[in-house]
Amino acid sequence: MPATGRHQRGITLPQPAQPNLLAVVADLGATVAPGPLLAELGQAIRALTAGTDTRLLGLPPGDLTVTVGVGPRLVRTAGASLPGAADLPRFSRERIAPRARGGDLLIQICASDALLLPVVAAALLDQAGDRVRERWRQSARRGANVSVGEGLTAPRNPLGFIDGIVGPHTTAEQQRDLWLAGPPAVAGGTLAVLRRMELDLPRFAALSVAEQEAVFGRHRASGVPLSGGTAASGPELGAKTPDGRYLVPADSHARRAHATVVGVGLMLRRSYSTDQPAPGLLFISFQNDLRTFTATLTHMDTSDALLRFTTTTASATFLILPGFDRRHPLGSKLFG
């Protein structure tokens, strides 16, 4: 699909998101100027998504999208107070090798045709040449989409539950919680967090369905909160049983990660299943304030039942650059 516009593709468009993703995280050489490199990558992305780049090897681009972000080190060279200049703090339940933490450049490639992902990655890394050095990459896929009402769909995660029901889905919600409004150099962009997690699938599968549902705070089959209603309507956190217990348990994921409970905005969340290097999940969230993610995970860290089944093995945050076109190259608003 066309690569140009106010926002980069691969965040809210297409809808629903394509089933296959490849995330490549890399570093720039110490003396490499990010502006010219990003402009070149933007030109290559336009050609790849239009199907005119011979490095596609004749594969039709279809719904291919490429989304580019820059890490905190590069953002700080443009302005220490800019959104995206802060690194992620460390959290519990992490086992992250040094090269799997942070990074200067994110290239997120999504498509319905999985064959495109390594081909497009190879073309873009060829374009960058020795100016970048790859840190890590992760291939992942989304489960089949399930209707959750109000015209929304969401996929199941590897634990069998519908994932990403709550989010900034309306235009008003996205303007409030997703897109950066300023400064002008970043307006139209957003902030991304990537977390790769191993999942203890055997231990979770050993729980009864009722115990699994208590971990999430939702019914596994439908996504409906344990407090009732519909999947899209969200949990009624004050609802209790006759003997005074919360219908949505106090340590359930639906309660501990609830934006109102934490006191933050909404995240646009995408979760993908992985099987290499271990069975797990690639979690990606987009938000216009990094605190939306950090405060949520800090709140979860204390007692979220879901975290007992996760170990994070890679972590990074990036400023997803504003959209671009021929007159305004990728990254030109930030790096000139």
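**Pockets, cavities and cores**

A: The second largest pocket is lined by 15 residues, and V166, G167, H169, E173 and A232 are the ones that lie nearest its centre. On a 1 Å grid over the protein atoms alone, a pocket is an open set of points with protein on both sides within 12 Å along at least five of seven lines, a cavity is a set of points where a 1.4 Å probe fits but cannot get out, and lining residues have an atom within 4 Å of a point.

Q: Before we go on, what kind of model is this?
A: This is a predicted model, in which local features need pLDDT of at least 70 and side-chain atom pairs count only at pLDDT 80 or more, while totals for chains, interfaces and linings use all residues. Residues are numbered from 1 along each chain as its sequence is written, and side-chain values use heavy atoms, with hydrogens and water left out.

Q: OK, so what volume does the second largest pocket have?
A: Its volume is about 220 Å³, where a volume is the space filled by probe spheres set on the grid points, which are joined across faces, edges and corners.

Q: And which residues lie nearest the centre of the largest pocket?
A: Those are Q15, T153, G164, H169 and L268, out of 25 lining residues. The volume of the largest pocket is about 390 Å³.

Q: Switching topic, how many cavities are there of 30 Å³ or more?
A: A search of the whole structure finds 3, and the largest cavity has a volume of about 760 Å³.

Q: Which element gives the largest share of that cavity's lining?
A: Helix α9 does, with 6 residues, while H253, A257, R269, F283 and M300 lie nearest the centre of the largest cavity.

Q: What about the largest nonpolar core, which residues touch the most other members?
A: They are V66, V70, I109, V120, L124, L319 and L334, in a core of 64 residues. Helix α3 (residues 116-128) gives the most to this core, with 8 residues. A nonpolar core is a set of buried (under 20% relative accessible area, 1.4 Å probe, protein chains only) Ala, Val, Leu, Ile, Met, Phe, Trp, Tyr and Cys residues joined through side-chain atoms within 4.5 Å.

Key: Buried means under 20% relative accessible area, exposed over 50%, partly exposed in between (1.4 Å probe, protein chains only). Helices (H or I, at least four residues) and strands (E, at least two) are DSSP runs, numbered from the N terminus.
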